[in-house]
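Keep the viewer open as you read.

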Amino acid sequence: QADHALSVPSGVRLVRNVLALGIGQVFTLLFSSVLTVLLPRYLGDEKLGKTATAASLTGLCGLLASLGIGSYLAKEVARRGPRGHVSVANALATRAPLTAVACLLALGVAALLGYDPLTQRLVAIYCLGIVFGSVAGVLVGTLQGLQEMRWVALGDVVGKALLLAGVIAVVHGDRGLVALAVVWQLTGLGSIAVYLLPLYRRGALGGQFDRHGWRALVTGSLPFFIWQASLMVYGQIDVLLLSIFSHAAVIGWYSAAYRIIGIPLFIPSIITNVCYPAMSHSAVHNRQSFRALAGRSLHVVLLFSIPMAVGIIVLCGPLLSFFRYPHEFQNSIPLIIILALHVPLVGVDLIVGTALNALDRQRAWALTGVAAAVLNPAVNMLFIPVFERYLQNGAVGATIVTVLTEVFMMLMGLRLLRGEVFDRSSLVVGLKCLVAALVMAGAVWLLRELFLPFTVLAGACVYFALSFVLGTVSLRDLRLLRAYMLHRAHPRVTAAV
């Protein structure tokens, strides 16, 4: 259905962008995996907790600087091009004063909450991330709208490579936590430099400041801002609550668990980044194409996220041993197991949210996020103290609330779509993926004492073999992918694509 609904040029562009981001994510995944191994071993649980606290506080305050403009640009540039009030210059001018206010707010809250001097210094350094993130958000949003995802992937790779090199230098020279934080923020300049190059070549950096257009930019971005703020609140407020009701070591265990769980989330991120501009366009011009693209995106996310979640649950103990984490991070194991349950939920929620935004239903989705942002901290304020008191690990309560929040978001999002996009076939695909993943889990459990990469590879082979049997992956899918790769190598075979 998707093959007939999508035109050849747009289909080729989507596959090209998916592969570009996929290849880029292979490198960033490798870099992130190395950081996931290095940081807990170098910092220990307490310093890792202080770092996570500073990152969460500046991330929350940085919402004020973002204003949802990046997502709005991706949508409007895909429809109209980078001109008028959605120009890069106008977007950056709108963000500048908001960025300054966000930095001052972060510093003020850190002092108000009585953080120790080291944590306050980290917050000040992480304010650089608010500035660089504000600029990068505008550039990436414009590149998304232009469907130049190869440059987005390249910028991400360059930034992560510089970060990894800087972290290794700091760790090797034992320069300490403050030097690590400075390096972490400054490497964002590398990504910004890459983003600027294609925009300059395409003349997208031009345009005049339009004060009258700022109002349209702000009001158009507001629903996206509400959604992003809600997402950040219920995704980061738990760390701040842990800093109040618990201690730095618990936050360190929680942060380590999140770093491991965050590895599989690159797949739904790729799919949504690539498909959002295409969905925004097809939602207006070809509703059949939109439904086909949304359904296919969901199926791909389920195909990969479900086995990854099940595999992490089975192998979380060997995974920590393989990374050679200090013994105190054994407290992260129950957190990893619980958080693994939310990996497929996050993937589904990202696709649902992307579909709703493309259908111009972002206001309803934003209100759902607001409800989640209210419920999440309210329940966390009950769960964290209870689990801290009885298990001496308040992060267990935070992980449970995280999973429940994602379930709430998924149910509300599916209700807002009213069955227009996803139907019973999506549920069937999910169940087939789960069956294959559970069989894979049995094989992985039997091989868990072997060298971990071999165990993971064997599990992947079992899963995809069962996926062929159950029909969630077909030879036709592989032929289409092969046709595209041949097209890239030999442009004359366009007909095959």
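**Bridges, cysteines and helix faces**

D116 is partly exposed, at 29% relative accessibility (buried means under 20% relative accessible area, exposed over 50%, partly exposed in between, with a 1.4 Å probe and protein chains only). Before going further: this is a predicted model, in which local features need pLDDT of at least 70 and side-chain atom pairs count only at pLDDT 80 or more, while totals for chains, interfaces and linings use all residues. Residues are numbered from 1 along each chain as its sequence is written, and side-chain values use heavy atoms, leaving out hydrogens and water.

So what does D116 pair with? Its side chain meets that of K50 in a salt bridge, 3.0 Å from N to O (a side-chain nitrogen of Lys or Arg within 4 Å of a carboxyl oxygen of Asp or Glu). D116 sits in the loop between helix 5 (88-112) and helix 6 (117-145), and K50 in helix 2 (residues 8-61), so the pair ties together parts that are 66 residues apart in sequence. Helices here are DSSP runs of H or I, at least four residues, numbered from the N terminus. K50 counts as buried, at 18%.

The count comes to 3 salt bridges. Another joins K160 and D156, at 3.2 Å; both lie in helix 7 (residues 149-173), 4 residues apart, or about one turn of the helix. R448 and E449 also pair up, at 3.9 Å, with R448 partly exposed at 28% and E449 exposed at 69%.

How about disulfides: how many are there? The search of the whole structure turns up 0 (a disulfide is a pair of cysteine sulfur atoms within 2.5 Å). The sulfur of C103 has its closest cysteine sulfur in C127, but at 4.4 Å that's too far for a bond. C103 is buried at 14%, and C127 is buried at 6%.

Now for some packing. A257, in helix 11 (residues 248-261), is buried with a relative accessible area of 0%. A257 touches S332, L335, I336 and L339, not counting residues up to four places away in sequence (contact means heavy atoms within 4.5 Å). The C-alpha atoms of A257 and S332 are 5.6 Å apart, although 75 residues separate the two along the chain.

Helix 8 (residues 177-186) has L177, L180, A181 and Q185 as its buried residues. Seen down the helix axis, these fall within an arc of 125°, so they line one face of helix 8 (the arc is that of the directions from the helix axis to the C-beta atoms).

Note on methods:
Helices (H or I, at least four residues) and strands (E, at least two) are DSSP runs, numbered from the N terminus.
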